Amino acid sequence: MKKTSLFVSAAFLLFSGMVNAHGPVRAKLTSTIEIDAPAAKVWEIIKNYDDMSWHPAIKSVKGDGSNKKGALRTLTLANGGTITEELKSYEDSKMAYKYKITEMSSTGTIKHAGQDETLPVLPVGNYAAELSVTDKGGKAEVEWVATYYRAYVNNNPPAELNEEAADKAVTDVLTKGLTALAKKVTPSATPVVHIDVKR
Amino acid sequence: MPIQPLLAAITLLLIANTACAESRAFITNQLDNSVSVINTKTQQVIDTIKVEGKPAGVAVNKKLKQVYISTPEAGGFAVLDSDKLKNLRKVKVGGASLGITVDQTGQLIFVADWYENSVTVFDARSFEQLKVITVGKSPSGMTVSPDNRWLYVANRVDDSISQIDLKKLTIRTTTKVGAHPFGIAIDNQGKRLYTANVESNDVTVLDSQTLKRLATIKVGARPYAVALALNDSRLLVTNQDDGTVSVIDTASLKELEAITVGDKPEGISTDSDDNQVYVANWFDNNVSVIDTKNLKVVNTIKTGEGSRAFGGFIAE
């Protein structure tokens with residue numbers, strides 16, 4: 001191979017890498033499931049902000065017991081990690097509440113671009129979500145929508161903290177939760193979770 | 001004779017109607033790759049124009065009856081005819097075009113490149129690239145002084161504002177503001193500049209001639225952009241994480257109220273009546289219309305997914 005073409009192709013690879021890399025863009029991940037039960041029945045199970053016992057990946061929750069705006073809860077995950085979340089809005093009549101992550105524990109550090117990067121237990125930044133139940137012709141439609149950025153704020157993120165990692169982790173949490181909730185209400189039905197990611 | 005006053009009345013009515021031409025709000029729906037066009041008199045969506053490349057920023061060229069839409073994922077910006085509501089052409093610019101604005105005479109288009117840390121200047125008629133000005137890191141919001149003397153650029157990652165001399169197209173001065181300034185606005189007198197600082201949850205008020213810091217005003221969580229209304233007496237700020245718009249009295253620099261709008265409010269612009277303010281709600285896929293006199297949301301208009309509308313998006 002000629003020297004010049006090797007140089008050109010290397011330069012092209014470097015350039016295209018830079019062009020494809022970009023700063024964090026906010027994602028909107030919508031997960032939904034239909035449960036063959038009255039919406040009010042499903043809401044009863046999930047409506048208390050400090051009760052996440054319906055979610056298999058969450059070992060325990062410590063909250064102040066209120067469903068008032070500003071209430072804090074700390075989730076201890078099955079893997080030992082912790083996530084603290086603040087309640088942003090709560091509407092019992094609409095069977096919905098919104099919250100955001102304020103703190104997360106870390107699972108370790110990695111080295112990237114000469115710096116030590118903390119790995120948060122969920123590889124996301126500025127995470128907020130809404131959990132709601134709607135009556136759909138006698139059945140319950142549960143919708144869990146999350147908005148977040150990838151955890152790494154500069155360009156050229158490491159694989160552990162890029163968009164794919166963020167999407168995968170959030171999909172996992174929401175899918176596990178909705179699947180378990182459906183199984184709890186209708187044990188014999190096959191839960192089907194729909195996921196839609198927009199960025 | 002009764003006919004003469006009748007004719008006079010009809011003539012006056014016709015003149016009045018053509019003078020109050022319809023205003024249009026151009027809302028970029030970033031997740032839908034489209035732009036919703038709202039007639040601000042009827043407050044209805046009259047058209048939805050397809051624009052590929054995750055459309056985000058908006059700038060209106062009143063003189064040429066064009067609207068420029070930045071498309072960060074399509075390497076440039078799209079040019080729309082604001083009357084006929086058609087795509088006219090695409091213009092290529094470097095890394096990721098986000099912030100976009102026009103000078104007061106409609107002759108120059110300024111495009112901020114988020115990665116290249118520069119502002120590219122285009123001739124608005126030929127779309128010839130005239131100059132590339134290096135600014136700070138991740139330039140975002142921009143605004144031009146009413147006398148067309150200065151272009152102000154928010155350098156988000158540098159926490160600063162650059163003031164560019166529009167005769168020389170060079171930087172005159174750069175000054176630090178709060179953390180991560182994003183949307184900025186200048187008043188009608190060209191006296192004060194306001195910056196929404198995303199990471200410090202406040203607004204910096206600067207003297208627009210000297211760039212001297214006059215005040216810092218605390219607002220809500222993660223402010224995105226700012227707009228002025230009621231003869232510059234009111235400053236409105238979108239608070240992304242609170243779902244509110246802070247309304248500040250610019251004389252006392254105190255917050256009057258935080259009005260609840262939709263989820264993740266972002267772009268904000270004032271209508272030609274200098275009273276009604278339009279807010280794009282990214283999460284709710286709609287636009288809230290605020291009456292600034294009585295501080296109430298008077299309408300919510302359904303637009304597309306990920307409504308962002310970053311910049312001045314209302315064409316008179």
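Predicted model: local features only at pLDDT ≥ 70, side-chain atom pairs only at ≥ 80, totals over all residues.
The largest one has 86 residues, and B:Val153, B:Val226 and B:Leu236 have the most contacts inside it. Which strand gives the most to this core? That is β20 of chain B, residues 223-229, with 6 residues. As background, nonpolar side chains in soluble globular proteins tend to be buried together.

Now to chain A. Its secondary structure comes to 3 helices and 10 strands. If you walk from the N terminus, the elements run α-β-α-β-β-β-β-β-β-β-β-α-β. Of the 199 residues in chain A, 28% count as buried. Taking contacts in chain A with a separation of 6 or more, 55% are between residues 24 or more positions apart.

Let's look at the sheet in this chain. It is an open sheet of 8 strands, with antiparallel pairing, in the order β2-β3-β4-β5-β8-β9-β1-β10. Which strands stand at the edges? They are β2 (58-63) and β10 (193-198) of chain A; each has a single partner strand, so one side of each is left without a neighbour in the sheet. On average, and ignoring direction, neighbouring strands here are turned by 20 degrees against each other.

We can follow the pairing across part of that sheet. The hairpin of β4(A) and β5(A) has 4 residues between the strands, and A:Met95 takes a positive phi near 55 degrees. Moving on, 5 bridges join β5(A) to β8(A), again antiparallel. A:Ala96 has A:Ser132 in β8(A) as its bridge partner.

Two helices belong in this picture. Helix α2 of chain A, residues 39-46, lies across β1 (27-35), β8 (124-136) and β9 (139-150) of chain A, and runs at about 145 degrees to β8(A). Helix α3 of chain A, residues 163-185, packs on the sheet and touches β1, β8, β9 and β10 of chain A; its direction makes about 15 degrees with that of β1(A).

Over to chain B, where 4 strands form an open antiparallel sheet in the order β12-β13-β14-β15. Its edge strands are β12 and β15 (170-176) of chain B, each pairing on one side only. From one strand to the next, the twist averages 20 degrees. β12(B) pairs with β13 of chain B, residues 150-155, in the antiparallel sense over 4 bridges. In β13(B), B:Tyr152 is the residue that B:Thr143 stands opposite.

One glycine deserves a moment. B:Gly136 lies in the loop between β11 (129-134) and β12 (139-144) of chain B. Is B:Gly136 buried or exposed? It counts as buried, because it has 20 C-beta neighbours inside 10 Å, and the cut-off for buried is 20 or more. Not counting residues up to four places away in sequence, B:Gly136 touches B:Asn117, B:Asn155, B:Asp158, B:Ser160, B:Ser162 and B:Thr174. B:Val157 is 21 residues from B:Gly136 in sequence, and the two are 7.8 Å apart, C-alpha to C-alpha.

What about the interface? Here 7 residues of chain A are in contact with 9 residues of chain B. The side of chain A that touches chain B has 1 nonpolar, 3 polar and 3 charged residues.

Finally, confidence. The predictor gives the complex an ipTM of 0.81 and a pTM of 0.89. Chain B averages a pLDDT of 94, with 93% of the residues scoring at least 70.

Key
Residues numbered from 1 in each chain as written. Chains lettered and ligands numbered in written order. Core = buried A, V, L, I, M, F, W, Y, C linked by C-beta atoms within 7 Å. Buried ≥ 20, exposed ≤ 12 C-beta atoms within 10 Å, placed from the backbone. Nonpolar A, V, L, I, M, F, W, Y, C, P; charged D, E, K, R; others polar. Pairing = 2+ DSSP bridges. Axes fitted to C-alpha atoms, helices over the stretch in contact; angles between N-to-C directions. pLDDT = per-residue confidence, 0-100.
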